[in-house]
Amino acid sequence: MPFDTNKTYWTVHEVADYASQVMGLHTTVSSLRTLITRGGGPKYHKFGRMVRYTREAVDEWLASRLSPEKSNSLDKGGNNV
């Protein structure tokens, strides 16, 4: 896979800031580091020992953590017509 010089690669700190401040979804550096070892976090690249994320991977991961839209607390989501 060739290196894409048009993409911006984010650090763990930048991902946590983006998720928390921009998207309003509380995410900590500690949680992201745990997810690197256990799985379940955003897809990432390694440059030597450094972990780097693309915005696309982070947005995809954040979207996967959200439930379907609900109209009330009893709604299980989806289109129940």
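Leaving aside neighbours within four places in sequence, which residues is threonine 27 in contact with?

## A buried loop residue

Threonine 27 is in contact with Ala16, Ala19, Ser20, Leu32, Trp61 and Arg65, leaving aside its neighbours within four places in sequence. Contact means heavy atoms within 4.5 Å. Threonine 27 is found in the loop between α1 and α2. Its relative accessible area is 7%, so it is buried. Buried means under 20% relative accessible area, exposed means over 50%, and partly exposed lies in between (1.4 Å probe, protein chains only).

## Basis of the model

This is a predicted model: local features need pLDDT of at least 70, side-chain atom pairs count only at pLDDT 80 or more, and totals for chains, interfaces and linings use all residues. Residues are numbered from 1 along each chain as its sequence is written, and side-chain values use heavy atoms, leaving out hydrogens and water.

## The sheet

Three strands form an open sheet in the order β1-β3-β2, with antiparallel pairing. β1 and β2 are the edge strands, and each pairs on one side only. Helices (H or I, at least four residues) and strands (E, at least two) are DSSP runs, numbered from the N terminus. Two strands pair if DSSP finds at least two bridges between them.

β1 and β3 are joined by 2 bridges. Tyrosine 9 stands opposite threonine 54 in β3, and tryptophan 10 has tyrosine 53 as its bridge partner there. β2 and β3 form a hairpin with 2 residues between them. Glycine 48, in the turn, has a positive phi of about 65°. β3 is mostly covered, with 4 of its 5 residues buried.

## Helix α3

Which residues of helix α3 (residues 55-65) are buried? They are Ala57, Val58, Trp61 and Leu62. Seen down the axis of α3, they fall within an arc of 130°, so they line one face of the helix. The arc is that of the directions from the helix axis to the C-beta atoms. An α-helix has 3.6 residues a turn, so residues three or four places apart point the same way.

The buried residues of α3 pack against β1, α1 (12-22), α2 (29-38) and β3 (50-54). The face turned away from the buried side carries the exposed residues Glu56, Glu60 and Ser64.

## Aromatic pairs

The count comes to 3 aromatic pairs. Rings of Phe, Tyr and Trp (its six-membered ring) pair if their centres lie within 6.5 Å; planes under 30 degrees apart count as stacked, over 60 as edge-to-face and the rest as tilted. Why is the pair of tyrosine 9 and phenylalanine 47 edge-to-face? The ring centres are 5.5 Å apart and the planes lie at 80°, so the pair is edge-to-face. This pair links distant parts of the chain: tyrosine 9 is in strand β1 (residues 9-10) and phenylalanine 47 in strand β2 (residues 45-47), 38 residues apart. Phenylalanine 47 counts as partly exposed, at 30% relative accessibility.

Tyrosine 44 and tyrosine 53 also form an edge-to-face pair, 6.1 Å centre to centre with 65° between the planes. Tyrosine 44 is partly exposed at 34% relative accessible area, whereas tyrosine 53 is buried at 1%.
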